[in-house]
Amino acid sequence: MAHAVTRLPDAQLAPMLAAYEAAVRERRRHSFIAAAVVTVCIALAAWMGEVKPGVLFANAGRLTTYFASIVPTLRWDSLGADLAEWYWNLDHWLKLLLDTILIAYLGTLIGGIGAFFLCFLACANLVRSRIIRLAARRYLEFCRTVPELVFALLFVVAFGLGPMPGVLALAIHTMGALGKLFAEVVENIDMNPVEGAIAAGASWPKMVRFAVVPQVTSNFASYGLLRFEINVREASIMGFVGAGGIGQDLVEAIRKFYYSDVSAILLLIIAAVMIIDLVTEQVRHRLLGVGGGR
Amino acid sequence: MLVIEGLTRRFGDKEAVSNVDLQIGAGAFVGVIGRSGAGKSTLLRMINRLQDPSSGRILHDGRDVTALSGRALRAWRAEAAMIFQQFNLVGRLDVLTNVLMGRLATAPAWRALTKSWSAEDRAIALSALDQFDIASLAAQRADSLSGGQQQRVAIARALAQEPALILADEPIASLDPRNTRIVMDALLRINKHFGITVLCNLHSLDLARTYCDRLVGMAQGRVVFDGAPAALTEQVAHDLYGLEAGEVMDLPAAKPAYGDAIPQAAALA
């Protein structure tokens, strides 16, 4: 092997190494302090939150007991009949599951559109006015910090039972959560195209349309599809407060101890989320493939 | 000795490099010239195996490097160091760490992943930086450096790999004239001092003539010229570059005589 570097004698290297070490020491000290603070916070949180691993281990048995009790009785010689009995209400549940997915779909779509229009206002690299930026950020924060179920409860009171309160609750939460993620994507863009558009005399909306949007669409799509998946899960518990979907039947089964119904509905939800995950992955790859080469 | 036999790379139905045969002796400084899209980059990237050939072989000292995989392939990549047009440093890491990345092929995984480099690795990385008078920048973030400094860091990283061969893909295309000279001088120095073979893609013919002792001209994926810089007549240059010829050479302001040569070149293309 050819030697490409004349290794300097140690005496000559020592002062250079010392200078480098001195320069990085400060950075190391900062990382060390950060690590120490995080460790102390973990200990404090565990103490105040009364996290007791002992309790978890002592009562782990109870959890498995519940899971054991929701397992249906399936016998090999009468499998067909047992399955039919387990999923005795399949038609109804499938209809509710479809409702759930539609609630998630509409909620994601409406929230996503809101997030799209708001996120640009919350970006430090695009908006110079602190007031607009702060207002947009605080509004998005409000939308995502109030739990979906709380919004759903409020809307059920206002609009009555049914899927609409669920859609609205998901849309608002999605707007807050996606708006934050979208804004972070926008803050990481390459600013050269933005300068190019401004230098060509573009107004703010035109600049965003031509210099920012093309850079962020693929990431927006990924986050949007991920949010759809999350929303399907969220929509499946909207029924707990009467805001539509399969949650209504799930909470009833849990409260009334219809053990095998609980497992039947849970498995349906898990299967639905899996299918959606597979489909959205395909969609995302198509989208990234088209906009790819970056 | 680097031997390339019938090397071809297809992208879809387009051949970026088609049936290239070359023999490059150890210690040569070879300039690969031609207009953009001629297949120069693909050729260099195939030698480092950043891109796999569709067919053909690359042999280094009798060893078929197109057949390598796993650890042997990574060792070959370290041996055939790449230098890129956009430097390809990690901007958020400091300069010395960037140079130490040249030791990744040989450093044990636990040392590399915990950034606890051996004293020897650090000594070599610092020495490589000092060779280009930038040891004082070791602790700075790479993205705080100027383009010329960044390319010198990239060359130091290449040297830290202790390569037998340096593949420079348009190393000066993003640099101003002064830094161009510094970087090309650095490559020449490595070539002459340590006898490392340098393969350098260049767009500018004048630079290629000044620094290289052999030129390989490519057009549409094929080698259309191979010889000493002196043998590259203006006629050949026009064939290579067509209408771009004026941009890559310091021609005396276009005379009518050259006007005749241009349709001829176009007819050849």
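This is a predicted model: local features need pLDDT of at least 70, side-chain atom pairs count only at pLDDT 80 or more; totals for chains, interfaces and linings use all residues.
## The hairpin of chain B

Let's start with one residue pair: Leu7(B) stands opposite Val20(B) in strand β2(B). Strand β1 of chain B (residues 2–11) and strand β2 of chain B (residues 14–24) run antiparallel and are joined by seven bridges. The two strands make a hairpin with two residues between them. In that turn you will find Gly12(B), whose phi is positive, at about 65°.

## The six-stranded sheet

Chain B holds another open sheet, this one with six strands in the order β6-β7-β8-β3-β9-β10 and with mixed pairing. Here the edge strands are β6 (80–83) and β10 (222–227) of chain B, each pairing on one side only. From one strand to the next, the twist averages 20°.

Within this sheet, strand β7 (residues 165–169) and strand β8 (residues 197–202) of chain B run parallel and share five bridges. One example to look up is Ile166(B), whose bridge partner in β8(B) is Val198(B). Helix α6(B) packs on the sheet by touching β6 and β7 of chain B, and its direction makes about 170° with that of β6(B). Helix α9 of chain B (residues 234–241) also packs on the sheet, touching β3 (29–33), β8, β9 (214–219) and β10 of chain B. The direction of α9(B) makes about 40° with that of β9(B).

## A helix pair in chain B

Helix α6 (residues 147–160) of chain B has a helical neighbour too: its axis comes within 9 Å of that of helix α7 (residues 177–194) of chain B, and the two cross at roughly 15°. Angles under 35 degrees count as roughly parallel, so α6(B) and α7(B) are roughly parallel to each other. The crossing is right-handed.

From α6(B), the residues in the contact are Gly148(B), Gln151(B), Arg152(B), Ile155(B) and Leu159(B). They meet α7(B) residues including Ile182(B), Val183(B), Leu187(B) and Ile190(B). By class, the residues of this contact divide into seven nonpolar, three polar and one charged.

## A helix pair in chain A

Over in chain A, helix α4 (residues 90–119) packs with helix α9 (residues 204–238) at an angle of about 145°, with their axes 8 Å apart. This crossing is right-handed. Among the α4(A) residues in the contact are Ile103(A), Tyr105(A), Phe116(A) and Cys119(A), while the α9(A) side includes Phe220(A), Arg227(A) and Phe228(A). The contact has 11 nonpolar, six polar and one charged residues.

## What the record says about chain A

An unreviewed UniProt entry annotates residues 32–49, 102–128, 149–172 and 257–279 of chain A as "transmembrane region". In the model, residues 32–49 of chain A are 94% helix, with end C-alpha atoms 26 Å apart. Residues 102–128 of chain A are 67% helix, and their end C-alpha atoms lie 39 Å apart.

The unreviewed UniProt entry also places "domain: ABC transmembrane type-1" at residues 97–280 of chain A. This span is 82% helix and 0% strand, and its end C-alpha atoms lie 18 Å apart.

Conventions
Residues are numbered from 1 along each chain as its sequence is written. Chains are lettered from A and ligands numbered from 1 in the order in which they are written. Side-chain values use heavy atoms; hydrogens and water are left out. Axes are lines fitted to C-alpha atoms, for helices over the stretch in contact, and angles run from 0 to 180 degrees between N-to-C directions. Helices (H or I, at least four residues) and strands (E, at least two) are DSSP runs, numbered from the N terminus. Angles under 35 degrees count as roughly parallel, over 145 as roughly antiparallel, 65 to 115 as roughly perpendicular and the rest as oblique. A crossing is left-handed if the near helix is turned anticlockwise from the far one by less than a right angle, and right-handed if clockwise. Contact means heavy atoms within 4.5 Å. Ala, Val, Leu, Ile, Met, Phe, Trp, Tyr, Cys and Pro count as nonpolar, Asp, Glu, Lys and Arg as charged, and the others, Gly among them, as polar. Two strands pair if DSSP finds at least two bridges between them. UniProt positions are given in the numbering used here, feature names are shortened, and annotations may be inferred rather than shown by experiment.
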